[in-house]
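Me: I am new to this structure and would like to go through it step by step. Could you take my questions as they come?
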Amino acid sequence: MNSISRRLLALLLGALTVAALLAGASTYLKARVEVNELFDYQLLQMALSLRDQKSFEQRPTAASDYEKEDDVTIQVWNSAGALIYVSIHDAPLPRATHAGLQTVIFRNAEWRTFLLTDQGRTIQVSQPFKPRQEMSFIFALRTIMPLFFIFPALALTIWFAVRYTLKPLTKVADGVTRLSPSSLEPLPETNLPAEILPLVQRLNFLFEQLSRAFDIQKRFVADAAHELRTPLTAVKLQVRILERSASEDERIEALERLRLGVDRAARLVGQLLALARVEPEAPPVPLMEVSLNRLAEEIIVEQTRIAAEKGINLGTSADGPVSVVGEPDALRAMISNLVDNAIRYTLPGGTVDVTVRQNELAAIIDVADTGPGIPPEERVRVFDRFYRRQGSDAAGCGLGLAIVKYAVKRHGGTIMLGEAAEGKGLRVIIEIPLHPFNSRHAQGQGSP
Amino acid sequence: MRLLLVEDDPMLGDSVQCVLQQESFAVDWARDGEEAELALNAFLYDCVLLDLGLPGKNGLDLLHDLRKRKSSMPVIILTARDAVSDRVAGLDSGADDYLVKPFDPDELTARIRALLRRRDGRVEPLITFGTLTLNPATHELYCQGRPIRLSLREFSLISLLLERPGATVSREQLEERLYGWNEEVESNAIGVHIHNLRKKLGHDLIRTVRGVGYMVIENP
């Protein structure tokens with residue numbers, strides 16, 4: 001089970017157990033040393049008290065208590081070396097090799113002996129190690145016993161402590177559970193422990209970005225639906241006109257009407273998608289080196305037929321190659337919309353000039369036409385999406401300049417509207433920094 | 001029946017006008033608020049089709065002003081705004097009906113007919129007069145159950161005359177209600193249509209009131 005509280009509980013209780021065992025072991029070791037000293041001293045005392053006894057015909061009274069309690073064996077040899085007394089007859093220990101304290105092995109057990117020679121008699125007092133070990137063990141046990149008694153209480157306490165500590169985390173989890181894509185309310189950031197606060201702050205930041213992206217998406221869909229209503233209504237009516245056409249001439253006219261209606265709806269869809277791709281919130285696309293003069297030439301070739309049909313002189317001039325690093329689709333949409341607008345609003349017989357050049361810092365795209373121009377008071381609003389100039393008969397969908405604006409913005413460029421030659425017509429000058437994305441990455445698009 | 005279409009979108013305006021003309025309506029098309037205001041002051045239309053998002057003068061303001069002048073001209077709002085609040089605002093501003101784009105051409109004409117019916121105080125969708133039965137929805141005229149083929153103009157003309165039987169309608173009134181702004185009217189056009197109608201329906205139905213105009217009366 002992967003649970004923080006269980007893990008913490010297991011770790012803490014495990015550590016506690018190990019600590020208790022270590023404490024027990026160290027007590028045992030320390031106790032053994034002390035018990036040894038104590039028992040050795042006892043042996044010595046006993047031997048000394050036996051030395052003062054004159055005869056060993058009877059059992060030495062002083063020894064009897066020890067014998068019972070601690071398996072003490074007393075042996076006495078006379079000066080001839082004959083064993084004259086042994087307290088336990090079936091267990092005659094070998095005589096120690098030298099006087100004083102000594103550890104000997106007898107019948108596969110360790111014994112502690114004390115040997116004393118006095119007036120020809122040799123007195124040996126012996127005791128197995130077993131009682132000493134038992135006593136040390138009991139000491140150790142007594143040390144750790146209380147720990148084992150409070151173990152369940154401690155476990156319970158730890159459990160509650162862990163639960164209490166993790167409560168802010170549980171609360172955050174509950175808060176996140178209640179969220180849905182449609183309601184991304186920020187989580188409360190008050191009274192949070194320092195460990196969780198960064199997590200919540202980061203989550204809130206992401207939620208904010210996410211809900212903004214959702215809003216933009218929703219707005220886009222609503223706008224698109226709204227804007228598509230008009231051309232679709234026209235198409236519906238045009239189909240009806242076609243159905244009701246009586247003569248061949250009427251039918252041809254009605255078909256032409258229908259074709260225009262469908263073209264318009266298709267163009268609107270294309271422009272909406274182009275707008276969605278260049279909007280500030282749209283994800284960045286891989287950057288490429290784009291030759292602006294070649295791009296302008298391509299676009300002009302595409303639009304030459306339409307210009308020629310309207311009797312407009314469309315041309316380009318470039319002094320040498322001009323390239324920037326940027327998003328190819330956005331740059332294409334930008335130039336294409338400018339040229340398209342210029343052709344759309346210029347009267348037959350007019351001129352549209354596209355110039356691409358560069359200075360030390362920026363590439364410059366300059367589109368001038370001989371159309372009606374845009375009066376200064378409208379030069380800001382024309383960039384709004386779906387803004388259509390009053391009285392303009394050319395049926396645009398009001399997105400062209402919005403697309404241009406966003407595309408320029410994506411490349412960190414500037415855009416300027418002015419008059420073309422002799423104060424007539426419109427001139428659009430766009431400057432794109434030669435290395436636009438140095439600045440974009442510095443702005444840190446897409447990350448906080 | 002003469003309608004005023006107020007629509008700023010050139011393509012949509014053209015299509016609506018064309019569809020309604022095919023349905024034998026005379027349609028004047030105003031492309032902005034000011035033009036619409038001039039037209040409304042100049043002529044009494046049978047119905048107004050009003051777009052809301054207009055340059056110049058807003059459609060709702062136009063409607064407010066129209067109703068302030070106590071005009072009871074039927075008004076249908078044609079708009080892309082489909083929120084309930086927009087519909088409510090439109091209807092409460094004095095519109096008689098509200099149609100959301102993209103609408104069906106049949107629905108549009110059906111609603112226009114319904115409004116005209118209500119204006120004339122009729123309950124029946126068919127107009128009957130003596131042995132004549134006229135169906136405005138299908139542009140069919142029956143005489144004693146026998147279908148009679150009429151041109152669109154002839155149909156419009158007999159519909160106008162049957163609107164108020166027994167009342168005299170002048171030639172100018174008929175011209176005004178049969179022809180839109182850009183339609184050429186020849187000086188004797190009404191006379192020609194009346195002549196054709198008489199050939200098809202009998203000479204007694206439409207009486208000429210000399211020096212005034214025409215009226216329909218029931219055969220004695």
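Me: In chain B, what share of contacts between residues at least 6 apart in sequence join residues at least 24 apart?
Reply: That share is 57%. Two residues are in contact if their C-beta atoms, placed from the backbone, lie within 7 Å. This is a predicted model, in which local features need pLDDT of at least 70, side-chain atom pairs count only at pLDDT 80 or more, and totals for chains, interfaces and linings use all residues. Residues are numbered from 1 along each chain as its sequence is written, while chains are lettered from A and ligands numbered from 1 in the order in which they are written.

Me: How many helices and strands does chain B have?
Reply: Chain B has eight helices and 12 strands. These are DSSP runs numbered from the N terminus (helices: H or I, at least four residues; strands: E, at least two).

Me: How many residues of chain B touch chain A?
Reply: In chain B, 16 residues are in contact with 20 residues of chain A. Helix α1 (residues 10-22) of chain B gives the most to that side, with eight residues.

Me: Changing topic, how confident is the predictor about chain A?
Reply: The average pLDDT of chain A is 84, and 91% of the residues score at least 70; pLDDT is the predictor's confidence in each residue, from 0 to 100.

Me: Which element of chain A has the lowest mean?
Reply: Helix α9 (residues 436-443) of chain A does, at 49, whereas strand β12 (residues 426-433) of chain A has the highest, 93. Over residues 439-448 of chain A, pLDDT stays under 50, and the model has seven contacts beyond four places in sequence for them.
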